[in-house]
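Me: Could you take one part of this chain and go through it closely for me? Cut-offs included, please.

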Amino acid sequence: MFDIFLQIDSTGMAKALAVQKESVMGLLVKGGVLMIPLAILFAMAIFFFIERLLAIRKASKIEENFMSIIRDQVVSGNITSARSLAKNTSNPVARMIDKGLQRIGKPIDAIEKSMDNVGKLEIYKMERNLNILSVISRIAPLFGFVGTIFGLILLLKDFAAAANPAISDIADAMYVKMITSATGLIIGILSFLGYSFLNTQIDKTVNKMEAASAEFIDILQEPTK
């Protein structure tokens, strides 16, 4: 009797393993032609997420003592050394400070405006290509739904022509056609999460830029030694 149970268990496990092996690639292939644009959208989402993540992380790297050094040099009147430090530091804060250093001697309002213009340009650079992730998060589910609808239309057409379609066959076919919807939703969710995460990182960098700009204006209003 135990042999019979073992044989049944082994047979069930074999079937389960066979289904599991088929699951990922096999089901995706059964999704139809619209799985191709979904795959392209997924690849684009991964590419632009990694590309923007690296760019934003590079922009957010600011030395802790950068503004302290700028303060010491500006207060002591060594503007040339301060500009040299700002030029040799590659991040948005340094470029904003460099623009402010170039405008020293002009009214504070003019200095603030020139630094704000540089800041807006730096924010634009960080946000470049970021909207692509937002677009993918919206259109990927639509592609999935369109694929499912077309698949169901063709499926119903085929079964309408059949003499005695079995309910199990209809259920299996509908299960396969829902793959595009599930894939589109997954791609959309992942793209939206990536977009939101990158926006959060940009906001943190913008806060650093605003703090550095305000600190620089305070430095200019301090008496020189």
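Reply: The chain has 9 helices and 0 strands, where helices (H or I, at least four residues) and strands (E, at least two) are DSSP runs numbered from the N terminus. This is a predicted model, so local features need pLDDT of at least 70 and side-chain atom pairs count only at pLDDT 80 or more, while totals for chains, interfaces and linings use all residues. Residues are numbered from 1 along each chain as its sequence is written, and side-chain values use heavy atoms, with hydrogens and water left out.

Let's zoom in on helix α2. This helix covers residues 35-60, and its 26 residues should span 38 Å at 1.5 Å a residue; the end C-alpha atoms sit 37 Å apart, so the two agree. The expected span here is 1.5 Å times one less than the number of residues.

Now for burial: buried means under 20% relative accessible area, exposed over 50%, and partly exposed in between (1.4 Å probe, protein chains only). In α2, the buried residues are Met35, Leu38, Leu41, Ala45, Phe48, Arg52, Leu53, Ile56 and Ala59. For context, buried residues account for 32% of the chain's 225 residues.

Ala43 is also part of α2, but this residue counts as partly exposed because its relative accessible area is 44%.
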